[in-house]
Amino acid sequence: MAYVTLSSKAIGSTIKLKVNGSAKDFIVVHQGKPSSVYDDSCNGTWLLMKDIYENRQWHSSNTNDYANSTIHSYLNSTFLNLFESNIKNAIKQVKLPYRKGSGTSTTVTSGSNGLSAKIFLLSATETSFNFSSYMPSGEGAELAYFKGCADNSSDSKRVAYLNGSATGWWLRSPYCYYFNYALCVDSSGDWYGSGCSGSCGIRPALILPSTLLVSDDGTVSTN
């Protein structure tokens, strides 16, 4: 069986990681650090689950504070523990650009002051949205996979499926017009705002060291 480094995998290609014992496809959405807005910890191979894993609440207290949200806590505890131990240990602890706190502020905290996470949701900026004054300003940079996507309308590149049906999925970005709304991608690949206590799909993202090896069947090796 042939092996190549993760860094050599093309944008848009898929690799497989086991989640709760089942192999799941993850799309390579970026290679390297997307921009200087990011901490150096974000330099690696960015992976996004191809399909929606399940529907979950963004925040049980119905407030748009991602750092203290129910979904951020779930992804970095319960969901993280669904990976095999070697992959779980290899996933990079990164610091992500994010809108700190809750409410209607659009100010982003980034660099070494970014939010610490191993598993995370993508931001509106990372998925190529650029639509209004109610979106956090500069919450990261457009990832390579989403380059060329429509800034403020539907795009098939952003469509994801749950049990075979196109379904909406959460972003980590708050919808800053309301204190209790976060941003989602709808079933056509456009954006919308939804109440944080509501249920929507999740597509977990993570960053692996680019030096890891991946076999021709898509399996990642940490040896």
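Guide: A residue is called buried under 20% relative accessible area, exposed over 50% and partly exposed in between, with a 1.4 Å probe and protein chains only. This is a predicted model: local features need pLDDT of at least 70, side-chain atom pairs count only at pLDDT 80 or more, and totals for chains, interfaces and linings use all residues. Residues are numbered from 1 along each chain as its sequence is written, and side-chain values use heavy atoms, with hydrogens and water left out.

Visitor: Is Ser-128 buried or exposed?

Guide: Ser-128 is buried, because its relative accessible area is 3%. Its phi is near 80°, a positive value in a residue other than glycine.

Visitor: And what is phi for Asn-20?

Guide: Phi of Asn-20 is near 55°, also positive in a non-glycine residue. Asn-20 counts as exposed, since its relative accessibility is 53%.

Visitor: Changing topic, how many aromatic pairs are there?

Guide: The count is 17 aromatic pairs. Rings of Phe, Tyr and Trp (its six-membered ring) pair if their centres lie within 6.5 Å; planes under 30 degrees apart are stacked, over 60 edge-to-face, and the rest tilted. For Trp-58 and Trp-170, the ring centres are 6.4 Å apart and the planes at 50°, so this pair is tilted. Both Trp-58 and Trp-170 are buried.

Visitor: Which ring does the charged end of Arg-203 sit over?

Guide: The charged end of Arg-203 sits over the ring of Trp-169, 4.6 Å from its centre. The criterion is NZ of Lys or CZ of Arg within 6 Å of the ring centre and within 35 degrees of the ring normal. Arg-56 lies over the face of Tyr-74, at 3.6 Å from the ring centre.
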